[in-house]
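Subject: Structure handover

Hello,

Below is the structure I said I would pass on. My notes on it follow.

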Amino acid sequence: MKYWNKDKKIRQAHWHKIERFGLGNYETLKRELQLHDSTGKFYMYYGSDKIWFERSEDAVWFRLKLS
């Protein structure tokens, strides 16, 4: 999956977010997302407790993987 930090308005209007509180540290989570085989994109900021996913399937996969 590719990291994407372009247009905040598009992300907030159309993407899917999950809370990352308690899921692990920023570097580990980002690397795991980058290694996931998906055509979707994701965004996360080290100072935020949310991860944004372009595709709802990726958000569900990630939440299930870490639960």
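Helices (H or I, at least four residues) and strands (E, at least two) are DSSP runs, numbered from the N terminus. This is a predicted model, in which local features need pLDDT of at least 70 and side-chain atom pairs count only at pLDDT 80 or more, while totals for chains, interfaces and linings use all residues. Residues are numbered from 1 along each chain as its sequence is written, and side-chain values use heavy atoms, with hydrogens and water left out.

Overall layout

The protein chain has three helices and four strands. Their order from the N terminus is β-α-β-α-β-β-α. The C-alpha trace spans about 25 × 25 × 15 Å along its principal axes. The radius of gyration (taken over C-alpha atoms) is 11 Å. That agrees with the value near 11 Å for a compact globule of 67 residues, where the globule rule is 2.2 Å times the number of residues to the power 0.38.

Of the 67 residues, 33% count as buried. Buried means under 20% relative accessible area, exposed over 50%, and partly exposed in between (1.4 Å probe, protein chains only). The protein chain exposes about 4600 Å², and carbon and sulfur atoms supply 50% of that area. Accessible areas come from the Shrake-Rupley method with a 1.4 Å probe; for residues, only the protein chains shown count as cover.

Contact here means heavy atoms within 4.5 Å. Among contacts in the protein chain with a separation of 6 or more, 64% are between residues 24 or more positions apart.

Helix α2 covers residues 26–35, and Y26, L29 and L33 are buried in it. Seen down the axis of α2, these buried residues fall within an arc of 75 degrees, so they line one face of the helix. The arc is that of the directions from the helix axis to the C-beta atoms. On the face turned away from the buried side, α2 carries the exposed residues E27 and L35. The cover over the buried residues of α2 includes β3 (41–44), β4 (50–53) and α3 (56–65).

In α3 the buried residues are D58, A59 and F62. They fall within an arc of 100 degrees when seen down the axis of α3, so they too line one face of their helix. Their cover includes β2 (16–19), α2 and β4.

Aromatic pairs and charges over rings

Searching the whole structure gives seven aromatic pairs. Rings of Phe, Tyr and Trp (its six-membered ring) pair if their centres lie within 6.5 Å; planes under 30 degrees apart count as stacked, over 60 as edge-to-face and the rest as tilted. One of the pairs is W61 with F62, which is tilted, at 5.6 Å centre to centre and 45 degrees between the planes. W61 is partly exposed at 25% relative accessibility, whereas F62 is buried, with a relative accessible area of 0%.

Ring pairs also link Y3, F42 and Y43 into a cluster. Two of these rings carry a charge over the face. A charge sits over a ring if NZ of Lys or CZ of Arg is within 6 Å of the ring centre and within 35 degrees of the ring normal. The charged end of R11 is over the ring of Y43, 3.8 Å from its centre. K30 lies over the face of Y3, 4.1 Å from the ring centre.

The contacts below leave out residues up to four places away in sequence.

- R20 lies in the loop between β2 and α2. R20 counts as buried at 10% relative accessibility. Its contacts are Y26, L29, M44, Y45, Y46, G47, S48, D49, K50 and I51.
- R55 is found in the loop between β4 and α3. At 30% relative accessibility, R55 is partly exposed. R55 touches H16, S38, T39 and G40.
- K2 lies in strand β1 (residues 2–3). K2 is exposed, with a relative accessible area of 61%. K2 touches G40, K41 and F42. K2 and A59 are 57 residues apart in sequence and 14 Å apart in space, C-alpha to C-alpha.

Regards
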